[in-house]
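User: I am new to this structure and would like to learn how to read its features one at a time. Could you take me through them, giving the general idea and then the case at hand?

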Amino acid sequence: MKRLFWFTLVAVLATACVNDNLSLESVVESPSDKIFYASERAAKGHLLVMLDAPVDDLSVEGVELSVEPLFSGKLDEKLEKWFLVSFDESLSNDVVAEALALDSRVMRVEYDLPMKRVESTKVAMPADRPAATRAATLPFNDPELEWQWHYYNDGSLDPDLCVAGADINLLNAWKYTAGDNRVIVAVCDGGVMADHKDLADNMWVNEAEKNGTQGVDDDGNGYVDDIYGYNFVADSGNVTPDAHGTHVAGTIAAVNNNGYAVCGIAGGTGGGDGVKVMSIQIFEGEDGCYAHQIANGIKYAADNGAIIINNSWCYEPDSYVGDNDYEQWDSVLKSAFDYFKTNARLEGAMEGGLVVFAAGNESFSTSSYPAAYHDYISVSAMSSDFTAAYYTNYGPGVNVCAPGGDAYYGTTLCVSSTSVQYANSYGYEYMQGTSMACPHVSGCAALAVSYALKQGYRLTADELHRLILTSVHDVNQYQTGTKQYFDYSAGTYVDMPLAPYAGKLGSGFIDAHLLLMQMDHTPCLYLKTGVESLLSLDEYFGGASKDLNYAECNASDDVRQQLGIETFKMEDGVLKIKATKPGSGRVSVKAIVGGDHVGGDSIGGSYVEREFEIVVRGAVAENGGWL
Ligand SMILES: [Ca+2]
Ligand SMILES: [Ca+2]
């Protein structure tokens with residue numbers, strides 16, 4: 001089905017004769033204009049109805065209706081208008097919908113559609129693999145970190161298929177923060193395995209429920225036994241572990257520095273300081289939630305403290321032609337996201353909620369919806385060499401790119417993260433997909449909010465959205481030539497031209513370190529390891545370089561040592577710098593404005609000092625979009 005069927009808009013023109021001399025034409029809305037998402041796939045026995053005011057006498061002749069509010073707890077003016085209208089499952093949705101639409105108090109009738117999972121591919125663990133020999137000193141002791149090229153890629157894991165810098169630059173970001181346990185990220189996906197050895201410490205825990213009475217809503221939030229989140233498929237506090245949801249959760253917040261398995265982007269330093277994952281379970285085995293259940297999950301996330309929501313699901317492809325279309329339909333899901341965007345907050349750090357989506361894995365030339373909607377971030381996927389992953393959706397609606405892995409490059413060049421842990425399993429595994437790229441962006445967002453807490457910054461969700469889309473490097477220059485993948489329908493390897501992806505993977509690939517530096521308003525200067533660079537700093541001093549005298553540049557002994565700095569001086573108005581070790585560090589440059597000296601007997605200028613973050617990466621292509 002290319003497009004969800006909906007009733008044809010029929011504007012009925014009615015002519016009313018007001019008096020003999022005057023006739024007025026008015027456009028009367030047809031009842032069927034109020035009906036949305038009519039589909040055979042919709043849930044039977046209920047419809048989602050928006051009423052302009054609560055009524056107790058909604059009726060359809062010959063049908064027993066039950067009408068109850070669709071949302072509970074705190075409501076905004078839109079959510080309070082939504083009702084779940086139930087009737088016998090043997091009745092036709094169409095007949096009931098059309099009868100309801102005749103009631104003038106009914107504003108909309110929505111069929112309750114099942115949502116589609118953004119399928120991601122699990123890739124078998126390699127039986128044996130050579131030891132990773134990455135040169136960087138890793139800050140945490142988790143054994144899998146060496147293999148998590150998507151966090152830090154120096155090109156060494158595979159000389160042909162890994163390119164240094166195709167990562168989220170996480171090691172440099174971790175120098176500033178690795179998380180804060182006040183930040184809660186909702187994972188709207190299959191259930192997260194809450195007792196996983198590498199996740200348990202970073203699960204959001206509803207303490208009142210954990211220490212409460214089974215079968216009782218101890219905290220009065222409307223949900224019984226919701227300890228780690230809620231299972232919206234089964235309407236139960238029993239969140240059932242799912243490999244996909246657990247993998248996504250691990251990328252955001254697997255426990256760092258516990259000597260076990262993998263690292264998470266905002267998983268802390270091992271001291272209980274990782275961000276927290278809340279499981280909004282919307283898939284269970286083959287079963288998925290309907291729209292009204294997901295909508296309640298989104299509201300639950302906001303009401304219970306989450307400020308970022310990571311989504312790996314979508315409407316059927318091609319459901320919408322654009323944002324106006326999405327807004328016009330004004331679905332129960334959009335109402336819930338509007339609520340999340342407005343009501344989610346973290347006291348002292350962030351106002352509003354950030355919505356992050358996987359762009360989809362159909363190799364379509366547009367993002368799926370709701371991902372594509374401009375209020376949400378839609379994430380495309382790249383491989384370990386910067387090229388578009390063969391499955392990624394691209395083009396209009398896609399906002400930013402992140403590593404998602406590529407099975408045709410080999411198992412170990414997929415994304416490594418936690419998975420459902422059985423008695424003899426590793427507890428982690430490799431997967432590929434935009435579902436894996438998406439939590440890289442949510443994880444970076446969680447780091448940003450953690451950094452805001454640390455620095456005393458206050459963010460709005462819109463500011464964070466903007467910061468994320470601009471904390472990127474160019475990915476387009478790598479979309480040339482072809483790469484290979486296996487086409488199952490054709491039964492053969494095919495060449496995939498990369499040019500169609502240029503300019504269509506979003507603003508660029510996300511850089512966690514750059515995101516934090518942007519929050520500090522600290523410019524980053526990118527250097528290639530072992531190469532002497534000459535950098536003009538004019539733009540950072542107001543562009544008046546000719547009138548500036550650079551007095552001095554400063555780097556601490558620590559920074560000089562960490563980066564192996566061999567040259568670092570101002571010469572002829574430019575910074576001459578050479579560093580021999582990958583990493584990052586803060587330096588400062590002082591200039592004199594309005595003279596060649598400051599103070600003294602003759603008229604002089606004044607000092608202007610600026611800090612810069614030096615970022616040294618290995619084997620980056622010349623002018624590889626870094627400088
Ligand atoms: Ca509860
Ligand atoms: Ca770990």
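User: Which residues does Ser588 touch, not counting residues up to four places away in sequence?

Analyst: Two residues are in contact if their C-beta atoms, placed from the backbone, lie within 7 Å. By that rule, and leaving out residues up to four places away in sequence, Ser588 touches Cys553, Asn554, Glu609, Arg610 and Glu611. Please keep in mind that this is a predicted model, in which local features need pLDDT of at least 70 and side-chain atom pairs count only at pLDDT 80 or more, while totals for chains, interfaces and linings use all residues. Residues are numbered from 1 along each chain as its sequence is written, and chains are lettered from A and ligands numbered from 1 in the order in which they are written.

User: Where does Ser588 lie, and why does Ser588 count as partly exposed?

Analyst: Helices (H or I, at least four residues) and strands (E, at least two) are DSSP runs, numbered from the N terminus, and Ser588 lies in strand β33, residues 583–593. A residue is buried if 20 or more other C-beta atoms lie within 10 Å of its own, exposed if 12 or fewer, and partly exposed in between. Ser588 counts as partly exposed because it has 13 C-beta neighbours inside 10 Å.

User: Into which domains is the protein divided?

Analyst: Domain bounds come from an automatic or database domain assignment, and here they give domain 1 (5–113), domain 2 (157–517) and domain 3 (522–617). The C-alpha centres of domain 2 and domain 3 lie 38 Å apart, and the contact between them takes 7 residues from each of the two. On the side of domain 2 that touches domain 3, the largest share, 3 residues, comes from helix α10 (residues 512–520).

User: How many residues of α10 are buried?

Analyst: Helix α10 is mostly covered, with 7 of its 9 residues buried, including His513, Leu516 and Met519. The helix is followed by His521, whose phi is positive, near 60 degrees.

User: Which residues touch the most other members of the largest nonpolar core?

Analyst: A nonpolar core is a set of buried Ala, Val, Leu, Ile, Met, Phe, Trp, Tyr and Cys residues joined through C-beta atoms within 7 Å. In the largest one, which has 171 residues, Val185 and Val449 touch the most other members. Helix α8 supplies the largest share of this core, 13 residues, and the core draws at least three residues from each of domain 1 and domain 2. Apart from it lies another core of 19 residues, among them Leu525 and Phe612. Leaving aside neighbours within four places in sequence, Val449 is in contact with Val183, Ile307, Leu346, Ala349, Met350 and Leu459.

User: What is the reach of helix α8 from its first C-alpha to its last?

Analyst: The expected span of a helix is 1.5 Å times one less than its number of residues. Helix α8 (residues 434–455) has 22 residues and reaches 32 Å, close to the 32 Å expected. Of these 22 residues, 20 are buried, and just after the helix Gly456 takes a positive phi of about 75 degrees.

User: In what order do the 3 strands of the open sheet stand?

Analyst: Strands of a sheet pair through backbone hydrogen bonds, either parallel or antiparallel. Two strands pair if DSSP finds at least two bridges between them. The order is β16-β17-β23, with mixed pairing, and the edge strands β16 (345–346) and β23 (459–460) each pair on one side only. Strand β17 (residues 350–351) runs parallel to β23, joined to it by 2 bridges, and Glu351 stands opposite Thr460 in β23.
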